[in-house]
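Work through the exercises below with the sequence and the model side by side. Try each task before reading its solution.

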Amino acid sequence: FLWWHKTLELALLQTEDTTVLDAVIQVFVKLQTRQIQLAEERLSSGILGAIGLGKKSPLSNRFRIVARSMSAFLLVHVPADNRIRLKPGTELQLSHKAQQALNSLESLSSNKHYAEYEEQLSQALLFIKYPGHCLHDGNKLLALLINSLYPEVQYLDIIRR
């Protein structure tokens with residue numbers, strides 16, 4: 001989480017320089033790709049993983065909620081490889097991938113393994129869909145999720161600010 005927080009922070013600073021905007025967008029795309037890989041229920045490496053029979057992920061459900069939420073947030077605010085949503089208030093233009101990510105996040109609340117996290121999932125979905133938020137609010141979403149899912153972890157206090 002600390003790496004994600006710092007990556008978002010530094011990449012957002014770089015968005016002010018339009019000459020490196022394409023590289024910054026690629027940072028967001030790569031971060032989103034990694035987050036969705038970490039959010040998977042089953043490991044997809046190896047021969048068995050390639051056909052969907054990989055081992056169960058060692059990552060906790062609450063970690064996967066944060067990863068899935070952040071991935072969906074990035075898909076909503078970086079809708080294409082050449083576009084980025086830096087200003088709040090503009091209408092959300094959801095790509096097919098972003099809509100799928102939101103549907104996937106929404107469907108978790110009906111999954112019995114995630115039932116205890118229904119409130120956090122609902123908060124994340126409301127935050128992501130709110131047109132008053134933009135890419136600059138990514139660390140606010142991360143803080144919201146960390147506060148509700150990891151209140152006992154003190155080293156994450158840097159994100160809570």
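The model is predicted, so local features need pLDDT of at least 70 and side-chain atom pairs count only at pLDDT 80 or more, while totals for chains, interfaces and linings use all residues. Residues are numbered from 1 along each chain as its sequence is written, and side-chain values use heavy atoms, with hydrogens and water left out.

**Exercise 1. Compare the span of helix α1 with the expected span, and find where its buried residues lie.**

Step 1. Helices are DSSP runs of H or I with at least four residues, numbered from the N terminus. Helix α1 covers residues 2–14, which is 13 residues.

Step 2. The expected span is 1.5 Å times one less than the number of residues.

Step 3. Buried means under 20% relative accessible area, exposed over 50%, and partly exposed in between, with a 1.4 Å probe and protein chains only. In α1 the buried residues are Trp4, His5, Leu8, Ala11 and Leu12.

Step 4. Seen down the axis of α1, these residues fall within an arc of 145 degrees, so they line one face of the helix. The arc is taken from the directions from the helix axis to the C-beta atoms.

Step 5. Among the elements that cover the buried residues of α1 are α2 (21–38), α4 (61–77), α7 (138–149) and α8 (157–160).

**Exercise 2. Describe the largest nonpolar core and the part of α4 in it.**

Step 1. A nonpolar core is a set of buried Ala, Val, Leu, Ile, Met, Phe, Trp, Tyr and Cys residues joined through side-chain atoms within 4.5 Å.

Step 2. The largest such core has 47 residues, of which Phe1, Trp4, Phe28, Val66 and Tyr150 touch the most other members.

Step 3. At least two core residues come from each of α1, α2, α4, α5 (96–108), α6 (118–129) and α7. Helix α4 gives the largest share, 10 residues.

Step 4. Of the 17 residues of α4, 16 are buried, so this helix is largely enclosed by the rest of the structure.

**Exercise 3. Which residues line the largest pocket?**

Step 1. On a 1 Å grid over the protein atoms alone, a pocket is an open set of points with protein on both sides within 12 Å along at least five of seven lines, and lining residues have an atom within 4 Å of a point.

Step 2. The lining consists of Phe28, Val29, Gln32, Leu74, Leu75, Val78, Pro79, Ala80, Asp81, Ser95 and Lys97.

Step 3. Helices α2 and α4 are the elements that give two or more residues to this lining. The largest share, three residues, is from α2.

**Exercise 4. Is Ile65 buried or exposed, and which residues does Ile65 touch?**

Step 1. Ile65 is in helix α4. Its relative accessible area is 0%, so Ile65 is buried.

Step 2. Contact means heavy atoms within 4.5 Å. Not counting residues up to four places away in sequence, Ile65 touches Tyr114, Tyr117, Leu121 and Leu149.

Step 3. Ile65 and Leu121 are 56 residues apart in sequence, yet their C-alpha atoms are 7.4 Å apart in space.

Technical notes
On a 1 Å grid over the protein atoms alone, a cavity is a set of points where a 1.4 Å probe fits but cannot get out, and a pocket is an open set with protein on both sides within 12 Å along at least five of seven lines; lining residues have an atom within 4 Å of a point.
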